[in-house]
Amino acid sequence: MPSGDIVDTAADAEGFTKPPLLVLDRVRAFLDEHGLGAGGVRARRIGEGGGSNFTFLLERDAGSFVLRRPPRPPLPPSAHDVVREARLQLALREAGFDRLPTIVAVCEDEALLGVPFYVMSYLDGVVPTDQAPPGLDEGAPRRALGDDLVDALVEIHAADVSTPALAAFARPGSYNERQARRFAQLWEINKTRELPRVDEVGAWLGRHVPDPLPPTVVHGDYRLGNTMVGHDAPTRIVAVLDWEMGAIGDPRADVGYLLATYSEPGGPPNPLGTSPITALAGFPSRAELVERYVAESGRAIEPLAWFEALALWKAAVFCEAIYGRYVRGELGAEDTRAARFEQGVPYLAEAAAAAISRL
């Protein structure tokens, strides 16, 4: 294996060595071509593993950057489109939302790494996931961060989607209906086993699609674990990350997803097990998140349980895709936590059914 490659040590299901995720000589040439830093390139994987788009920290003798690329092919149709992800963020920044990483280069030439990728300036902050960052060790700062989590979402939803760059992402028809239909199709592609509850929930959602609200930018995976706070200001979100699911659609999809993935103080863990620090005393309750969103946005957001069910069902479909890649040996050694989706996918489907029962 050439010294400039970064590759997982595992082979695929047939025993063949997998192609490298990065070829550092080529990455260095790309950075040089775009005037991004100088000197050698050192790279390491950052962010959560599990089979979604991969993120690498690139450190040079002068300059640090972040590269984001999809997993190795083959990929499901329309999934892992990092070029689209980059363009949406550029359009959103142009429309006035600036809590974003700065994208400095986009590569559509698959000859370099076998897939497209994009490069961002490095942001030195903290992603709140399993542990509260320093400065969040008491109630008032935790409340402030929870409030800002809602406020950042309100800002995203306030972006003018009629601006030309964002309008290019709009699609005709109902976003809600399209989501139900698309993920039912993805389930047929992704599933590794028969799980009738996933089919039942998807069919019910498709039969009970709510009328849409006026469209906004939708993040699609909005939760605390996809944000970054400053080292010196942990109560303020400095960047919203991971725009793979971004679109123009119904803002309630983000509110429902936030609730579905939020563990409130004194409550049970959320079904996805994400961002567990919000269960600490001082963070807002789920009801308080909704109350703040309604007050700050001026939107009526019912039937919110439909969107919670949609979020949990979509998560089941996505997690099944990751689980399938795991059982086929397509993920690296660092992504073995994807094995938990053997039980996690049925659990998510049951949680989605429970959300429906509240309607």
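**View 1. What covers the buried residues of α6 in this predicted model**. The cover over the buried residues of α6 includes α5, α9 and α10, where helices are DSSP runs of H or I with at least four residues, numbered from the N terminus. Those buried residues of α6 are Val198, Val201, Gly202, Trp204 and Leu205, buried meaning under 20% relative accessible area and exposed over 50%, with partly exposed in between (1.4 Å probe, protein chains only). They lie on the same side of α6, because they cover an arc of only 165 degrees around the axis, the arc being that of the directions from the helix axis to the C-beta atoms. On the other side of α6, Pro196 and Arg207 are exposed.

**View 2. The largest nonpolar core**. This core has 40 residues, and those with the most contacts inside it include Val201, Trp313 and Val345; a nonpolar core is a set of buried Ala, Val, Leu, Ile, Met, Phe, Trp, Tyr and Cys residues joined through side-chain atoms within 4.5 Å. Among the elements that give two or more residues to it are α5 (175-190), α6 (196-207) and α9 (304-327), and the largest share, 13 residues, comes from α9.

**View 3. The surroundings of Val345**. Leaving out residues up to four places away in sequence, Val345 touches Trp187, Arg193, Leu195, Ala316, Cys319 and Glu320, contact meaning heavy atoms within 4.5 Å.

Residues are numbered from 1 along each chain as its sequence is written. In this predicted model, local features need pLDDT of at least 70 and side-chain atom pairs count only at pLDDT 80 or more, while totals for chains, interfaces and linings use all residues, and side-chain values use heavy atoms, with hydrogens and water left out.
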